[in-house]
2 protein chains.
Amino acid sequence: MDADSVAKAFVAHYYQTFDTNRAGLANLYQENSMLSFEGEKIQGPQAIGAKLTGLPFQQCHHNVSTVDCQPSGPAGGVLVFVSGSLQLAGEQHQLKFSQMFHLIPTPQGSFYVLNDIFRLNYA
Amino acid sequence: MDADSVAKAFVAHYYQTFDTNRAGLANLYQENSMLSFEGEKIQGPQAIGAKLTGLPFQQCHHNVSTVDCQPSGPAGGVLVFVSGSLQLAGEQHQLKFSQMFHLIPTPQGSFYVLNDIFRLNYA
């Protein structure tokens with residue numbers, strides 16, 4: 001699978017999981033994985049899963065606007081850069097966001113998230 | 001130098017060079033370097049330098065709002081994620097942007113840009 005196909009499949013899976021079964025996101029991270037969420041740094045699948053499930057809203061919907069990707073080096077990693085907007089239940093306005101992921105291949109032929117950086121884009 | 005110091009120094013250098021001596025940016029890239037600029041993929045220092053110097057404005061000023069960074073793996077790479085705004089000479093409104101860089105250490109003890117992804121954040 002080329003980097004574009006990996007990125008497209010990952011982005012679809014990630015945001016669908018976020019919007020329908022947020023607790024399932026922890027499975028995408030490993031012990032050395034890092035999340036920077038609005039400047040807060042969190043490491044490892046338990047802490048990252050707790051952060052994401054503990055965000056102060058129940059329902060949300062991500063609309064992806066752009067997906068860029070590049071191979072991250074000779075080891076088969078893929079960098080994914082996403083822009084889009086986020087609709088929270090009960091909120092009138094959408095929030096714009098940018099997010100990047102560094103995906104690393106696993107011995108099982110899948111990918112995990114080594115790096116994840118998320119920022120809201122305030123207008 | 002830790003990842004935070006590398007990221008901070010790189011971001012200051014990159015945008016100052018962009019705003020005062022854009023042709024100097026090509027030196028930050030190597031043959032395997034990739035730039036995704038608003039979805040267009042460009043590879044190598046000559047092509048990347050030509051793209052950046054050929055952008056249809058003469059003067060600009062970048063204002064950096066946030067810088068996030070993480071180590072990209074065991075090889076000493078650093079991922080840098082920037083948000084900010086861009087003021088073009090003669091334009092009233094600033095353009096918001098997000099950009100990510102993957103910095104790779106060189107044998108000379110410096111870093112080069114392997115991956116660069118740039119997107120304007122349209123309101």
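These exercises walk through a predicted two-chain model, each with a worked solution.

Residues are numbered from 1 along each chain as its sequence is written, and chains are lettered from A and ligands numbered from 1 in the order in which they are written. In this predicted model local features need pLDDT of at least 70, side-chain atom pairs count only at pLDDT 80 or more, totals for chains, interfaces and linings use all residues, and side-chain values use heavy atoms, with hydrogens and water left out.

**Exercise 1. Aromatic pairs**

Task: Find how many aromatic pairs there are over all chains, then describe the pair A:F10 and A:F101.

Solution: 
- Start with the rule. Rings of Phe, Tyr and Trp (its six-membered ring) pair if their centres lie within 6.5 Å; planes under 30 degrees apart are stacked, over 60 edge-to-face, the rest tilted.
- Apply the rule over all chains. The count is 19 aromatic pairs.
- Helices (H or I, at least four residues) and strands (E, at least two) are DSSP runs, numbered from the N terminus. A:F10 sits in helix α1 (residues 3-20) of chain A and A:F101 in strand β5 (residues 95-105) of chain A, so the pair ties together parts that are 91 residues apart in sequence.
- Check burial. Buried means under 20% relative accessible area, exposed over 50%, partly exposed in between (1.4 Å probe, protein chains only). A:F10 has a relative accessible area of 10% and is buried. A:F101 is buried too, at 0%.

**Exercise 2. A pair within one helix**

Task: Classify the pair B:Y14 and B:F18, and state where its residues lie.

Solution: 
- Read the geometry. The rings are 6.2 Å apart, centre to centre, with 50° between the planes, and the pair is tilted.
- Locate the residues. B:Y14 and B:F18 belong to helix α1 (residues 3-20) of chain B. They are four residues apart, so about one helical turn separates them.
- Check burial. B:Y14 and B:F18 are both buried.
- Now look at chain A. One aromatic cluster there includes A:F10, A:Y14, A:F18 and A:F101.

**Exercise 3. A serine in each chain**

Solution: 
- List the neighbours. Contact means heavy atoms within 4.5 Å.
- The side chains of A:S83 and A:T66 make one, at 2.6 Å.
- Turn to chain B. B:S83 lies in strand β4 (residues 78-88) of chain B. B:S83 is buried, at 9% relative accessibility.
- List its neighbours. The side chains of B:S83 and B:T66 are joined by a polar contact of 2.6 Å.
- B:S83 and B:N121 are 38 residues apart in sequence and 9.4 Å apart in space, C-alpha to C-alpha.

**Exercise 4. Positive phi**

Task: Give the phi of A:E38 and of B:E38, and place each residue.

Solution: 
- Read A:E38. Its phi is positive, about 50°, although A:E38 is not a glycine. A:E38 is in the loop between β1 (29-37) and β2 (40-43) of chain A. With a relative accessible area of 27%, A:E38 is partly exposed.
- Read B:E38. Its phi is positive and near 50°, in a residue other than glycine. B:E38 is in the loop between β1 (29-37) and β2 (40-43) of chain B. B:E38 is partly exposed, at 26%.

**Exercise 5. A loop serine**

Task: Locate A:S110 and name its contacts.

Solution: 
- Find the loop. A:S110 lies between β5 and β6 of chain A. A:S110 is partly exposed, with a relative accessible area of 39%.
- Name the contacts. Leaving aside neighbours within four places in sequence, A:S110 is in contact with A:I104 and A:P105.

Terms used: A polar contact is a pair of N or O atoms within 3.5 Å; within protein, one must be able to donate a hydrogen and the other to accept it, and residues adjacent in sequence count only if both atoms are side-chain atoms.
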